[in-house]
Amino acid sequence: MYRFLLTPRWLGYLALTLVAAALMVFLGNWQLDRYRGRTAINERIDAGSAMAPAPLRDALPAPTGGAGSTGPAPAEQVTWTRATATGRYDTANLVLVRGRTVDSKVGFEVLTPLVLADGTAVLVDRGWIPPVPGSGATAQPPVPAAPTGEVTVTGRVVSSESGGTVERRNGKLETRRISISRIAGQLPYPVAGGYLLLDQQTPAADAAFRAVPIGHTNNWQNFGYVVQWWLFAGMSLVGYGWVARREAHRAAGLDKPRTPVDRAAEPAAT
């Protein structure tokens, strides 16, 4: 009854179905890996809120190159954990990161290099400030002064972003992306391979800064894709079986159309 499945045409259908199902399973597994990775990020974000900060060098190894070089990027398991460092702010090389959004408002994040005792530096994101009212989103705002003298900061370890260019405008470095390697090229000392998103500072940070929120990743979206792709894989196999069964019934004459019943010819019920 099912010998037709061994014909070249049906063997081709089977091969195509198996390849499609395997591809869908692969895509589901890929989304599962992304779900696990994003879940781990969310767990580090949550754990960082309660954990004691580690010394900076435990999270970000010291850069070993010369001026303008960067150190190793933070390990994946270290990102979004808390670290602390002590040094002096280099306000001459302050960096404005334009086009950053907080509470649906576009403004600037302010990065300031914190120069450590060993002569290297780590970039500190001191927070977000709005543009000058009525001057457009790209107009540089006045930046609250950084504390002078020794400063101790505690913040989340964040990896470098990619892309973007760095230029000096009105005496301040300006960029659209926090690309540490490109920012470091404008600085006279080696820079750590990750930056700190400020959490606490001694002396206290200026109240004009707004904390940059840390958003959780949408890991459940990836989990939904996992279920979706695996369902598609199962449906493709079930669909092949259903079509094969219909073909077998047709070949065996089991699905001949029934003679329509003439209801008008039936005797009326009394």
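Ala, Val, Leu, Ile, Met, Phe, Trp, Tyr, Cys and Pro count as nonpolar, Asp, Glu, Lys and Arg as charged, and the others, Gly among them, as polar. The model is predicted: local features need pLDDT of at least 70, side-chain atom pairs count only at pLDDT 80 or more, and totals for chains, interfaces and linings use all residues. Residues are numbered from 1 along each chain as its sequence is written, and side-chain values use heavy atoms, with hydrogens and water left out.

A pocket is an open set of points on a 1 Å grid over the protein atoms alone, with protein on both sides within 12 Å along at least five of seven lines; lining residues have an atom within 4 Å of a point. A volume is the space filled by probe spheres set on the points, with a 1.4 Å probe.

| Largest | about 260 Å³ | 8 nonpolar, 5 polar, 4 charged |

In the second largest pocket, Leu197, Leu198, Asp199, Ala211 and Val212 are the closest to the centre among 14 lining residues. Strands (E, at least two residues) are DSSP runs, as are helices (H or I, at least four). Strand S5 (121-129) and S9 each give two or more residues to that lining. For the largest pocket, S3 (95-102) gives the most, with 3 residues.

Helix H1 (residues 8-48) and helix H4 (residues 219-251) have axes that come within 7 Å and cross at roughly 165 degrees. This makes H1 roughly antiparallel to H4 (angle over 145 degrees).

Terms used:
Axes are lines fitted to C-alpha atoms, for helices over the stretch in contact, and angles run from 0 to 180 degrees between N-to-C directions. Angles under 35 degrees count as roughly parallel, over 145 as roughly antiparallel, 65 to 115 as roughly perpendicular and the rest as oblique.
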